[in-house]
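This note sets out points for a colleague to consider while viewing the model.

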Amino acid sequence: MSVEQQKKKAPWLPPRWFIRTAWHVHRGIYRLFGGRLGLWRPRPDKWGTLRLTTTGRRTGRQRSVIVAYVEDGPRLVTLAMNGWGESEPAWWLNLQARPDATVDLVGGRRQVRGRAATGDERTRLWARWREIDTNLDAFAALRSSETAVVILEPTTRDAEQQTG
């Protein structure tokens, strides 16, 4: 196999049941330790994790999930990838219906408003993720639709507290 063929070869993903189990275990560790374990800050060469709480688009109930993120100034940026599965993650569908949400970070809680990055902004933020994960494009190619780059912007009140 040539080097070019190896680059185009689809990256390996564990079975879907394993990915879902890992998500449940991660959330369980977070709950078990009262939030003291399970979240970490991003570094220049590694993403961090945050706990995102959205409002269910059909039930109106609070729904929490732990997702990877990078920072873009005061904004937090994640990918709506659903473990590179075909469907959109429920948290992203919830955010599209009701953009106001809460994030728990190592340093505390923030109120945010979610939206999809578009145009040059999306291109720039996708490139930032690509610096961290060199297989990003290959993983994204596993999905038939474009993976949303989701920006979580602090609400006005939280933005004032961060700068003041």
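What percentage of the contacts in the protein with a separation of 6 or more is accounted for by residues 24 or more positions apart?

1. Contacts along the chain. In this predicted model, residues 24 or more positions apart account for 65% of the contacts with a separation of 6 or more.

2. Secondary structure. The protein contains six helices and six strands. Taken in sequence order, these elements give the pattern α-α-β-β-β-α-β-β-α-α-β-α.

3. Burial and surface. The protein has 164 residues, and 39% of them count as buried.

4. The largest pocket. Its volume is about 1300 Å³. The lining comprises 41 residues, and those closest to the pocket centre are Trp23, Val65, Ile66, Asn82 and Gly83. By class, the lining residues divide into 22 nonpolar, 11 polar and eight charged.

5. Elements around the largest pocket. Helix H2 (16-32) makes the largest contribution to the lining of this pocket, with nine residues. At least two lining residues each come from H2, strand E2 (62-72), strand E3 (75-80), helix H3 (90-97), helix H4 (119-132) and helix H5 (136-140).

6. The cavity. The structure has one cavity of 30 Å³ or more, and the largest cavity holds about 40 Å³ of space. The residues that line the largest cavity are Arg27, Tyr30, Arg31, Arg51, Ser64, Val65 and Ile66. Three of these lining residues are nonpolar, one is polar and three are charged. H2 and E2 each provide at least two residues of this lining. Thr147. This residue lies in the loop between H5 and strand E6 (148-154). Is Thr147 buried or exposed? Thr147 counts as buried because its relative accessibility is 2%, and the cut-off for burial is under 20%.

7. Surroundings of Thr147. The side chain of Thr147 forms a polar contact with the side chain of Arg143, at 3.1 Å. Apart from neighbours within four places in sequence, Thr147 is in contact with Leu79, Ala80, Met81, Trp84, Arg122, Trp126 and Ala140.

Methods. Residues are numbered from 1 along each chain as its sequence is written. This is a predicted model: local features need pLDDT of at least 70, side-chain atom pairs count only at pLDDT 80 or more; totals for chains, interfaces and linings use all residues. Side-chain values use heavy atoms; hydrogens and water are left out. On a 1 Å grid over the protein atoms alone, a cavity is a set of points where a 1.4 Å probe fits but cannot get out, and a pocket is an open set with protein on both sides within 12 Å along at least five of seven lines; lining residues have an atom within 4 Å of a point. Grid points are joined across faces, edges and corners, and a volume is the space filled by probe spheres set on the points. Helices (H or I, at least four residues) and strands (E, at least two) are DSSP runs, numbered from the N terminus. Ala, Val, Leu, Ile, Met, Phe, Trp, Tyr, Cys and Pro count as nonpolar, Asp, Glu, Lys and Arg as charged, and the others, Gly among them, as polar. Buried means under 20% relative accessible area, exposed over 50%, partly exposed in between (1.4 Å probe, protein chains only). Contact means heavy atoms within 4.5 Å. A polar contact is a pair of N or O atoms within 3.5 Å; within protein, one must be able to donate a hydrogen and the other to accept it, and residues adjacent in sequence count only if both atoms are side-chain atoms.
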